[in-house]
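User: I'm new to this one. Can you put it up and walk me through it?

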Amino acid sequence: MERESQAGSALSAQSPTRAVAWKTGSTLAIEEVQVEPPKAQEVRIKVISTGICGTDDHALKGLLSANFPLIPGHEGAGIVESIGKGVSSMKPGDKVLILIIPQCRECSACLHPEGNFCEKQDVLPSSGLMLDGTSRFTCKGKKIYHSFRASTFTEYTVVPEIAVAKIDAAAPMDKVSIISCEVPTGYGAAVNSAKVTRGSTCVVFGLGGIGSAIVMGCKASGASRIIGIDINEEKFPRNLKKPVQEVVMEMTGAGADFAFEAIGLTDTMIAAWDSCHRSYGVCLIVGLAPSSSKLSLKASEIVSGRTLKGVCLGDYKTRDCTPQLVIDYLQNKINIDPLITHQLPFDQLHKAFELYHAGKTKRFTYIPLFGKVPHQPIFSKRRKMHTI
Ligand code: APR
Ligand code: ZN
């Protein structure tokens, strides 16, 4: 029997709990927003935890194609509050992850064994609307756009069923939100996309949340040397006198086996490419570059054998694979705890962004409407790695 929405009316919280970006570059406003019930094949979710990802920051700065006003955020874990007609893969009360890339299981990407960039995604480009071309959010009588059909900076959100993964009931909801984006994107890029080999040398450009998860994946795969690069002096203290790719070449002799770009800038993408061994090096682009930018490589150097590969969410088929990552975490096969440096309640969203911009975080998990949460970092020790 089809299960239908339990709550058939728009939700409006007792206290205002939704962050709205009214225009590009504006400070996020905490507003009261009406959240419509889910339509057919949609799910309304109570968000329990969410994180700030570089992609949200790029979107808010107007570097990606996005419509405003919007409710930002895409990395989240929550509990199903109600379901629309035809939803069969979850029911109210289930714990779920919200996925920036859906898995429709019908399109050319989903049907291909190697594909995961589902054609029903709303990132490249981003319409800010649900699959039927409408929004589920209004604020002060105005339509509010969705962010990548995820919008997690809110107590309640509405998401297509194909962009939701049901997870183990034992999952700690204050932590597993990073398994909706950061962990598959970074850890997956190393272990699943690059298939980093034992004894290899890896270079990671950008030591934010994604870069840190890449380092974790390289380490788990048995890389013997991991070189981390960042402009933040706390993460990367040395002032280089020459281009970083030249330094990497000197350090490695002939170039790295694997280079990862986890920043989203064309200059660092070129530096990552130039850091790879020219015959067998593999350069993985994980960072999302501004929509208007173009990458320029020396064409004659491509023939030598290097591989350039774009990676989204670690090439994982999102609904199939993220629940397994949660189980791996519960079974202590992977440890995501070091990737969470701060936990703040939702009303400290602005402080969270301040800390993010000051480069003091790997990833935040902040918790809307949750009672007591630690205000101290739960992990502040720097990961041990070779930095140049
Ligand atoms: N050179 C080196 N490091 C840089 C540079 C640069 N020119 N510019 C920024 N960085 C560093 C920052 O200091 C920071 O440590 O890159 C890191 C980026 O980390 P975050 O801002 O935490 O972003 P993250 O969530 O890790 O995402 C990185 O991956 O998913 C994509 O869109 C996302 O493009 C973004 C990238
Ligand atoms: Zn698909």
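Analyst: Here is a short tour, from the overall fold to single residues. This is a predicted model, where local features need pLDDT of at least 70, side-chain atom pairs count only at pLDDT 80 or more, and totals for chains, interfaces and linings use all residues. Residues are numbered from 1 along each chain as its sequence is written, chains are lettered from A and ligands numbered from 1 in the order in which they are written, and side-chain values use heavy atoms, with hydrogens and water left out.

User: How many helices and strands does the protein have?

Analyst: Eight helices and 18 strands. Helices (H or I, at least four residues) and strands (E, at least two) are DSSP runs, numbered from the N terminus.

User: And what share of the residues is buried?

Analyst: Of the 388 residues in the protein, 57% are buried. Buried means under 20% relative accessible area, exposed over 50%, and partly exposed in between, with a 1.4 Å probe and protein chains only.

User: What about contacts between residues 24 or more positions apart?

Analyst: They account for 74% of the protein's contacts with a separation of 6 or more. A contact means heavy atoms within 4.5 Å.

User: Switching to the metal. Which residues coordinate the zinc ion (ligand 2)?

Analyst: Four cysteines do, each through SG: Cys104, Cys107, Cys110 and Cys118, at 2.3 to 2.4 Å. Donors are N, O and S atoms within 2.8 Å of the metal (3.2 Å for Na, K and Ca); water is not among the atoms, so sites may look incomplete.

User: What's the geometry of that zinc site?

Analyst: Tetrahedral, with angles of 103 to 120° among the four donor atoms. Four donors count as tetrahedral if all angles lie between 85 and 135 degrees; four count as square planar and six as octahedral if opposite donors are over 155 degrees apart and all others between 65 and 115; anything else is irregular.

User: Now helix H4. Why call it largely enclosed?

Analyst: Because 10 of the 12 residues of H4 are buried. Among them are Ile210, Ile214, Val215 and Met216.

User: What covers them?

Analyst: The cover includes helix H3 (182-194), strand S11 (201-205), strand S12 (225-229) and strand S13 (258-261). Just after H4, Gly222 has a positive phi of about 90°.

User: Is S11 mostly covered or mostly open?

Analyst: Mostly covered: five of its five residues are buried. Thr201, Val203 and Phe205 point one way, Cys202 and Val204 the other. In a regular strand the side chains alternate between the two faces of the sheet.

User: Which way does S11 run against S12?

Analyst: Parallel, with five bridges joining them. Thr201 has Arg225 as its bridge partner in S12. Two strands pair if DSSP finds at least two bridges between them.

User: What's the strand order in the open sheet of three strands?

Analyst: S3-S7-S8, with antiparallel pairing. Strand S3 (34-35) and strand S8 (142-144) are the edges, each pairing on one side only. Strand S7 (residues 137-139) is joined to S8 by three bridges. There, Thr138 stands opposite Lys143.

User: What do the buried residues of H7 pack against?

Analyst: Strand S6 (95-98), strand S10 (164-166) and H3. Leu325, Val326 and Tyr329 are among those buried residues. Just after H7 comes Asn332, with a positive phi of about 60°.

User: Which peptide bonds are cis?

Analyst: One is Phe68 to Pro69, with omega near -5°. Pro69 sits in the loop between helix H1 (54-60) and strand S5 (75-83). Another is Leu124 to Pro125, also with omega near -5°. Pro125 lies in the loop between helix H2 (108-111) and S7.

User: Last one: is Arg149 buried or exposed?

Analyst: Buried, with a relative accessible area of 10%. Arg149 has a positive phi near 55°, in the loop between S8 and strand S9 (156-160). Gln41 has a positive phi too, near 60°, but is partly exposed at 40% relative accessible area.
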